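Hi everyone, thanks for coming. Let's take a look at one structure together, and please follow along on the screen.

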Amino acid sequence: MRITVFRVEGMHCEGCAHAVKNTLTSLQGVERVMVMLGEGKVIVAYNPEMIGVERIADAIEAIGYRVKR
Ligand SMILES: [Cu+2]
């Protein structure tokens, strides 16, 4: 398992946090997601043999948030 911290812009409320969490949790290979709303961070634990940083970041951006890469 690998853990990556993503810096995400545009999350303003609990609804945003839930949207990001639900989207990432639905991805195959993602094991745990923790959203730190106040800090604009999303911490993702995943299986690097199944999914990578780019696909996780793309999924966050696909629902309207921006990832600092
Ligand atoms: Cu929101």
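Let me start with how the elements get their names: helices (H or I, at least four residues) and strands (E, at least two) are DSSP runs, numbered from the N terminus. This is a predicted model, where local features need pLDDT of at least 70 and side-chain atom pairs count only at pLDDT 80 or more, while totals for chains, interfaces and linings use all residues. Residues are numbered from 1 along each chain as its sequence is written, and side-chain values use heavy atoms, with hydrogens and water left out.

Now, the sheet. In what order do the 4 strands of the open sheet stand? The order is S2-S3-S1-S4, with antiparallel pairing; two strands pair if DSSP finds at least two bridges between them. S2 and strand S4 (66-68) are at the edges with a single partner strand each, so one side of each has no neighbour in the sheet. On average, neighbouring strands are turned by 35° against each other, direction ignored.

Strand S1 (residues 2-9) is joined to S3 by 6 bridges. Here Arg2 has Tyr46 in S3 as its bridge partner, and Ile3 stands opposite Ala45 in S3. S1 is also joined to S4, by 3 bridges, and there Glu9 has Arg66 as its bridge partner.

Next, the helices. H1 lies across S2 and S3, and runs at about 170° to S2. Helix H2 (residues 53-62) packs on the sheet and touches S1, S2, S3 and S4; its direction makes about 30° with that of S1. Contact means heavy atoms within 4.5 Å. Axes are lines fitted to C-alpha atoms, for helices over the stretch in contact, and angles run from 0 to 180 degrees between N-to-C directions.

Finally, the largest pocket, with a volume of about 160 Å³. On a 1 Å grid over the protein atoms alone, a pocket is an open set of points where a 1.4 Å probe fits, with protein on both sides within 12 Å along at least five of seven lines; lining residues have an atom within 4 Å of a point. A volume is the space filled by probe spheres set on the points.

Which element gives the most to this pocket's lining? S2 does, with 4 residues. Among the lining residues are Met1, Ile3, Lys21, Val33 and Ala45.
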